[in-house]
Amino acid sequence: FKAVNYMDRYLSKYSLDPVNFRLLVLGALFIATKVEELAIPTQHLAYHLSQGAFVPEDIQFMEIEILQCLQYRLHPITP
């Protein structure tokens, strides 16, 4: 749920091509996992999930982009 919220809020400000959208999905998923789970996934796991399309640095860069776009507001208000 949080990953979708992060993607939705990011996409309300920016439009992406399909390749960068895939990177956005991975970045949002990893941020949400880090917020919710006790075991933090490694960047190398993301590399394998992307089937080698992105290196760990790409995913880390996207995580930073998402965080800056959301102004580090990771807990959305729910109705």
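Modeller: Let's start with one word: a contact means heavy atoms within 4.5 Å. This is a predicted model, where local features need pLDDT of at least 70, side-chain atom pairs count only at pLDDT 80 or more, and totals for chains, interfaces and linings use all residues. Residues are numbered from 1 along each chain as its sequence is written, and side-chain values use heavy atoms, with hydrogens and water left out.

Biologist: Thanks! Which residues does L74 touch, not counting residues up to four places away in sequence?

Modeller: L74 touches K2, Y6, I31, V35 and L67.

Biologist: Where is the place of L74?

Modeller: Helices (H or I, at least four residues) and strands (E, at least two) are DSSP runs, numbered from the N terminus. L74 sits in the segment after α4 (56-69).

Biologist: Is L74 buried or exposed?

Modeller: Buried means under 20% relative accessible area, exposed over 50%, and partly exposed in between, using a 1.4 Å probe and protein chains only. L74 has 16% relative accessibility, so L74 counts as buried. Across the chain, 35% of the 79 residues count as buried.

Biologist: How many helices and strands are there in the chain?

Modeller: The chain has four helices and zero strands, and reads α-α-α-α along the sequence.

Biologist: And how do contacts link parts that lie apart in sequence?

Modeller: Among contacts between residues at least 6 apart in sequence, 63% join residues at least 24 apart.
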